[in-house]
2 protein chains.
Amino acid sequence: MPAIEEWFEFLRFASISADSKSKGEIEACAAWVARRLKKAGLAAETHSTAGNPVVVGRSDRQPGRPTVLVYGHYDVQPPDPVELWTHPPFEPHLDNGIVTARGAADNKGQIFAHLLGAEAAIRSGEGLPCNLIFVIEGEEEVGSPNLAPFLRQHRADLACDVVLVSDSSMAGPGCPTLTYGLRGIAAMEIELTGPARDLHSGFFGGAVMNPLTAMCRLLATMHDAEMHVAIGGFYDGVRPIQDWEREAWSKLPQGDAGLQAISGAPALVPAPGFTAIEMVSGQPTAEINGLYGGYQGEGSKTVIPSRAVAKLSFRLVAGQTPEDVLAKVERHFHAHLPLGVTLKVTQGHGGAPYFTDPHSRFGKAAIEALRSVFDGREPYLVREGGTIPVVADFKNILGADTLLLGLALPGCNMHSPNETFPLAHLDLGARLHLEVLRRIAAT
Amino acid sequence: MPAIEEWFEFLRFASISADSKSKGEIEACAAWVARRLKKAGLAAETHSTAGNPVVVGRSDRQPGRPTVLVYGHYDVQPPDPVELWTHPPFEPHLDNGIVTARGAADNKGQIFAHLLGAEAAIRSGEGLPCNLIFVIEGEEEVGSPNLAPFLRQHRADLACDVVLVSDSSMAGPGCPTLTYGLRGIAAMEIELTGPARDLHSGFFGGAVMNPLTAMCRLLATMHDAEMHVAIGGFYDGVRPIQDWEREAWSKLPQGDAGLQAISGAPALVPAPGFTAIEMVSGQPTAEINGLYGGYQGEGSKTVIPSRAVAKLSFRLVAGQTPEDVLAKVERHFHAHLPLGVTLKVTQGHGGAPYFTDPHSRFGKAAIEALRSVFDGREPYLVREGGTIPVVADFKNILGADTLLLGLALPGCNMHSPNETFPLAHLDLGARLHLEVLRRIAAT
């Protein structure tokens, strides 16, 4: 079966970890991954966890060679709003070299490219330059709650010299990119309850606090007039952006104008003193990911709703921890809570930010491999605004640094409708995989 | 068929004017009303409009007698959230003398009581003391957009001396109540659009304005720290609450404590200098009736949504007009619009506030009728926080004042789940109907 057809099989699983109704698809997808690792010539194990299974693949152990752990995930973001997809999200569609499907970039395309690279070395008889361990999990999109326990439990079996992850973007088409930092994340849901039930806004309006009004007033306190986060102590310990970073980022092919074009926003709103790229790369955020309350249907309904709910998340940078930020946010909300409503806080998943030196031994190996595969072009050094929560776990539990070699393109719509991945990047990723292994083996 | 069974037939129509899918139920309900008017001995006509039909019933014309127009509506509010109803909203349920159903109080119970009163006088041979015109429309819950044109078109046929409406509440069980004022209403929907589609909050967070954040910041400007409405010019022309009104309202059996108990809110939040009753009776409001944007499902989804929508309404008091208030609100939103989003405003329905002198000729007739039917108890004089938009139209188009004689109880859950009406108030309303007609005929 050609690689593209196998990849499309992978993409057809609606392996949505946020949706408990997708359990069957998750299990089937994990089984598919294990079968595919075996077919590539690796030993495959499927480990059940308190949540979704982790699939592990291993090459035959060659003593004296470094061990590289390749991490990826087979779960995907929910596809909604489904009506905005030009093709059904779980029916992959190829057009002009671009594949559209939920998970195409994040992460089924990128992890499959690595698998193809390893398989090519095994099948060709060249053999793998390093010992290889694939760890492919199913809960990345919900914060990998069961991966750290898994890593702790299997620490000896997963011992490695360095971790390889492709779950991020290149700086642009044809631009070799090493990501040396990631933002962390901390999620929270808050619910404000006022009246015991929805009330007639005529009979009660002016006397009771409207929970939606209270929610707007409360969430409006999260930022100051310049859109700095206004939660007490939020910026404590935040590592300032260094001059060499500002310089490296200023060379990125996609500047603020490119970021705006991809976003489709009428204007960008970086805080004073920062470019938009600097905001995304090196500053923390407070975002409302979802908010609802009251009448949602056609026309109007003159109610004062009983409750309002907001789903929040905070992107963190080096120097912040999810636990500390969530505690400060919760304290802030209690301190600023309007009269007439009660607050319920549910803390969600967290992931630590990551930052490593791109000029370390393995960092240099990655930079050389990128230069080689991209015909001598100088790699871009970036910090990415997204979160891969487990990267901090690899450092803390396995003691290994992570090389982030994104294969997706900017504007690939990860987490958005019409997610894409270039078909050619399967081969590009496979070649990069092997070249990185060769350079690591040579260090 | 006993009156209760006929009333239950009336209540079973899901005649939801806000929901275009209810068109069939609306038409069937209007036809039922026309049939029932005929059965009572009135001539009935069903008039189609640009929206839902208006049903008119007329008694045989007796020259020299005053003409009274009885107004009501057969449409109802949407029943959602349906899961909070203890019984299905359109399957009326009788328990301990209380009927639970959507529309039981608002307005199918109250208008049916008047119809029973007229029928009793006709059937008994006593005859009607006044000429009677019933006008029962099907768009009250969406602001009666087609009733004013209908009144204008049929001004001659609908000429009357006074209008009788029971679409409000009594001050308490067994409390005769004349409502001499109503708040008006002005509705508006606003939509903020930022990015062209939902974005990954990691890749774009900090660079683009989140439309939900912008919505919260914008709507938080609607009130000041003391919860006065902070929209420029909003209070222009508002008639101050008079001392005699404060005194009359202070005697109401349901004070602020009762209002809070019915609402189930943890605290009431009147603006400084006002009781909660005064806020509801005599002060205007700015309310968020519904708000949505971003991820609404289970778990979390780390998106920056493309748009956020809010459904707003403003309750108005004497001295304000819907047109003027909506223009000021729209101006306020444009002036306070955060950077990075675009604003779309859709103006909704409006209804003028109403205020009349309870000591006028017909007002006195109503007070005497109330005293008589309630065994000599002194009627309460109230201004109600709800809106009956057509009352101002009756004044402007037909030149007639309106007597508001509410038959519902406080806490009857109009517009909320588990709406109720006491079965005994069908008979009470029927007797009050006849007594008012007698007193009017005697003026």
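A salt bridge is a side-chain nitrogen of Lys or Arg within 4 Å of a carboxyl oxygen of Asp or Glu.

This is a predicted model, where local features need pLDDT of at least 70, side-chain atom pairs count only at pLDDT 80 or more, and totals for chains, interfaces and linings use all residues. Residues are numbered from 1 along each chain as its sequence is written, chains are lettered from A and ligands numbered from 1 in the order in which they are written, and side-chain values use heavy atoms, with hydrogens and water left out.

Q: Why is the pair Arg246(B) and Glu278(B) called a salt bridge?
A: The closest N and O atoms are 2.7 Å apart. That is within the 4 Å limit, so the pair qualifies.

Q: What parts of chain B does the pair of Arg246(B) and Glu278(B) tie together?
A: Arg246(B) sits in helix H7 (residues 243-250) and Glu278(B) in helix H9 (residues 276-282), so parts 32 residues apart in sequence are joined. Helices here are DSSP runs of H or I with at least four residues, strands are runs of E with at least two, and both are numbered from the N terminus.

Q: Why is Glu278(B) called buried?
A: Its relative accessibility is 7%. Buried means under 20% relative accessible area, exposed over 50%, and partly exposed in between (1.4 Å probe, protein chains only), so Glu278(B) counts as buried.

Q: What makes Lys311(B) and Glu189(B) a salt bridge?
A: Their closest N and O atoms are 3.1 Å apart, which meets the cut-off. The pair links distant parts of the chain, strand S13 for Lys311(B) and strand S9 (residues 184-193) for Glu189(B), 122 residues apart. Lys311(B) is buried at 7%, whereas Glu189(B) is partly exposed at 27%.

Q: How do you know that Lys21(B) is exposed?
A: Its relative accessible area is 72%, so it passes the exposed threshold. The side chain of Lys21(B) also meets that of Asp19(B) in a salt bridge, with 3.4 Å from N to O.

Q: How many salt bridges does the structure hold over all chains?
A: There are 42.

Q: How many salt bridges does the rule find across the interface of chain B and chain A?
A: The rule finds 0 there. It does find 46 residue pairs in polar contact, both at pLDDT 80 or more. A polar contact is a pair of N or O atoms within 3.5 Å; within protein, one must be able to donate a hydrogen and the other to accept it, and residues adjacent in sequence count only if both atoms are side-chain atoms.

Q: How much area do chain B and chain A bury between them?
A: About 7400 Å², with 55% of it on carbon and sulfur atoms. Buried area is the accessible area (1.4 Å probe) that two parts lose on being put together, summed over both. S11(B) gives the most to the side of chain B that touches chain A, with 8 residues. The residues of that side divide into 40 nonpolar, 34 polar and 13 charged. In this count Ala, Val, Leu, Ile, Met, Phe, Trp, Tyr, Cys and Pro are nonpolar, Asp, Glu, Lys and Arg are charged, and the others, Gly among them, are polar.

Q: What makes S11(A) and S11(B) a strand pair?
A: They run antiparallel and 5 bridges join them. Two strands pair if DSSP finds at least two bridges, so this pair qualifies. Leu291(A) stands opposite Gly293(B), and Gly290(A) has Gly294(B) as its bridge partner.

Q: Which strand of chain B is joined to S11(B) by 6 bridges?
A: Strand S13 (residues 307-316), running antiparallel. S11(B) itself is mostly covered, with 6 of its 8 residues buried.

Q: Why is Thr213(B) called buried?
A: Its relative accessibility is 3%, so it falls under the limit. Thr213(B) lies in helix H6 (residues 211-219). Leaving aside neighbours within four places in sequence, it is in contact (heavy atoms within 4.5 Å) with His223(A), Met227(A), Glu287(A) and Ile288(A).

Q: Why does Ser300(A) count as buried?
A: At 19% relative accessibility, it is under the cut-off, so the label holds. Ser300(A) lies in the loop between S11 and strand S12 (303-304) of chain A. Beyond neighbours within four places, it touches Tyr295(A), Ala18(B) and His349(B).

Q: Why is helix H12(B) called largely enclosed?
A: 7 of its 9 residues are buried, so the rest of the structure largely encloses it. Among them are Phe394(B), Ile397(B) and Leu398(B). Just after H12(B), Gly399(B) takes a positive phi of about 70°.
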